[in-house]
Structure formats: C-alpha cells, structure tokens
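The sequence and the structure are shown first, and the description follows.

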Amino acid sequence: MATYKKKYKAEGKKQENQIDESEFETAGVLNTLDETASKSEQWIEKNSKPLFMALIAIVVIFLAYLGYNKFVVEPNETEASNELAFPRKYFDEAATAGSGIDSLLTLSLEGADGKYGFLDIADAFSGTNAGNLANYYAGVSYLQMKKYDKAIEYLSKFNSDDEMLGPVALGAIGDAFADINQPEDALDYYEKAANKKNNDFTTPLYLFKAGQIALEVKDFSKAESLFTKIKENYSTSDQGRDIEKFIAAAKYAN
C-alpha cells in the first residue's frame, strides 16, 4: 500500500508541472501579441503623416476624375453628338437619293457653312462616342463613293460591341477588300463579322459572303463548313433558303 501511495503522489506532481508549463506558454503567446501590437502602433504613429498624405492623394485623384468627367467628358460628348446631326442629314439623304449621291456624301464627310463633317468630328472628338461613330459613317460614305482605301482606313478606326453596327462595320471592310480584289482579306473580315455577334441577320449574311469568297479562292472545305453552319443554325434566314445547293457546290468541287 505504501508503494502505491508514493507512486500516486509522484504522478500528481507531474500533472501539476504540466499545468504550470501550459500556463507559461500561454503567457508567452500573449506577451508576443502585446509586443506585435505595440510595434504596429509604433509603426503607424511613425508613418501617420505619409499615410495621411496618401489618403489625401487618393481623395484628390478621385475628385479630379469626377470633375474631369463632369466638366470635360460629358460636355464633349454633348457637343460631339450635336455636331453629328448636320452630316447625318446629308448621309441619310444620300441613302434615298436617285442621283447626286457623291455630292451629298462629300457634304457629309467635309461639312459646309461652318458646320463639321464626319471627318472633322472624328478628328476633333476622337475620344467620344460620337467621334467613334463618325469614323463608321465616314467609312461607309467612302465605301459608297468607291474610295476603298479610305473606307478601310475609317472603318478600321471604328470599334463597337453593338449587336448590328459591330458586325456591319467589319463586313463593310470585307466588302471593300472584295471590291479591290483582295479575297483573302475579304474572307478574313467576313468571318470576323459573322463571329462578332450571334444574331439571325448579320451572322448568316456574313457566313454566306465568307462561303462565296471561300469558293472563289478554291477553299472548298471551308466553304462547305460555312454553308453548313447556315443550314444547321439559320435555315429560316434569307441565306438559308437555298443553302443546300451551295453546300453541294462546295462538296462536289473538292
């Protein structure tokens, strides 16, 4: 019995030692946290002026951005949109005119009576939506006047994610390349136009134009693939109604 009691007391002492060590470790962690917090406070106190200046700089930049948009960007957008009305009048008249189209398009491009044309607007308001749109109108005007290099130049400057204008602008570049007998470039832009936006009007139209050019350059497998896309996805479109004969022409030309 004496041996048993001696053993029991020894174990109790060991447990007490373990508890003391645990408490010591906890105290050490708390001391470390206190030291870290103290160092952080010292760093913030030491760098409070640079931090404050950085905050002020951020606020100033933000206010400058708001001011620039309010007092520079927005007025420019409004002015450019107003200027666009004058050349648009002649551009729209040319679309329905039976004759004298080139003179109307020239007025739309160059302006008159102190009013800007598309070329002026594209240059003077290049950073605005209206300036961007002026590039499109200028390119289409040159295309109708058969000035293909100028048409490609201005249409290439135009950028839009609009459902219709985006694909039509790329397709118009394809038309210009086709008219100057650069079929490979025309094919490239027709495919870009077809893939720009997926809709039931521009997509089958430019797939079909791309297929025709592919036939012209004797890339019959590509032509068949393009025509087949129309059959599978746009069979009710104008291009889809007689598409079987174009698929057959490409298939049996291989």
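## Aromatic pairs

How many aromatic pairs does a search of the whole structure find? In this predicted model, the search finds 13 aromatic pairs.

A pair of aromatic rings is described by the distance of the centres and the angle of the planes. For F208 and F246, the ring centres are 4.9 Å apart and the planes stand at 85°; because an angle over 60 degrees counts as edge-to-face, the pair is edge-to-face. The two residues come from distant parts of the chain, 38 residues apart: F208 belongs to helix α9 (residues 202-216), and F246 belongs to helix α11 (residues 243-253).

Are F208 and F246 buried or partly exposed? F208 has a relative accessibility of 15% and therefore counts as buried, the limit being under 20%. F246 has a relative accessible area of 21%, so this residue is partly exposed.

## Further contacts of aromatic rings

Ring pairs also join F91, F118, Y136, Y137 and F158 into a cluster.

Charged side chains are found over rings as well. The charged end of K157 is placed over the ring of Y154, at 4.5 Å from the ring centre. Likewise, K192 lies over the face of Y189, with a distance of 4.6 Å to the centre of the ring.

## Packing of helices α5 and α6

Two packed helices are described by the angle between their axes and the distance between the axes. Helix α5 (residues 129-144) packs with helix α6 (residues 148-157) at an angle of about 160°, and the axes are 7 Å apart. An angle over 145 degrees counts as roughly antiparallel, and α5 and α6 are therefore roughly antiparallel to each other. The crossing of α5 past α6 is left-handed.

Which residues make this contact? On the side of α5 they are N132, N135, Y136, A138, G139, V140, Y142 and L143. On the side of α6 they are Y148, K150, A151, Y154, L155 and K157.

## The protein as a whole

The secondary structure comprises 11 helices and 0 strands. Along the sequence, the pattern reads α-α-α-α-α-α-α-α-α-α-α.

The protein has 254 residues, of which 33% count as buried. Among contacts between residues at least 6 apart in sequence, 51% join residues at least 24 apart.

Terms used:
Residues numbered from 1 in each chain as written. Predicted model: local features only at pLDDT ≥ 70, side-chain atom pairs only at ≥ 80, totals over all residues. Heavy atoms only, no water. Phe/Tyr/Trp six-rings, centres within 6.5 Å; stacked < 30°, edge-to-face > 60°. Helix = DSSP H or I, 4+ residues; strand = E, 2+ residues; numbered from the N terminus. Buried < 20%, exposed > 50% of the residue type's maximum accessible area, 1.4 Å probe, protein only. Lys NZ or Arg CZ within 6 Å of the ring centre and 35° of its normal. Axes fitted to C-alpha atoms, helices over the stretch in contact; angles between N-to-C directions. Parallel < 35°, antiparallel > 145°, perpendicular 65-115°, else oblique. Left-handed = near helix turned anticlockwise from the far one by under 90°. Contact = heavy atoms within 4.5 Å.
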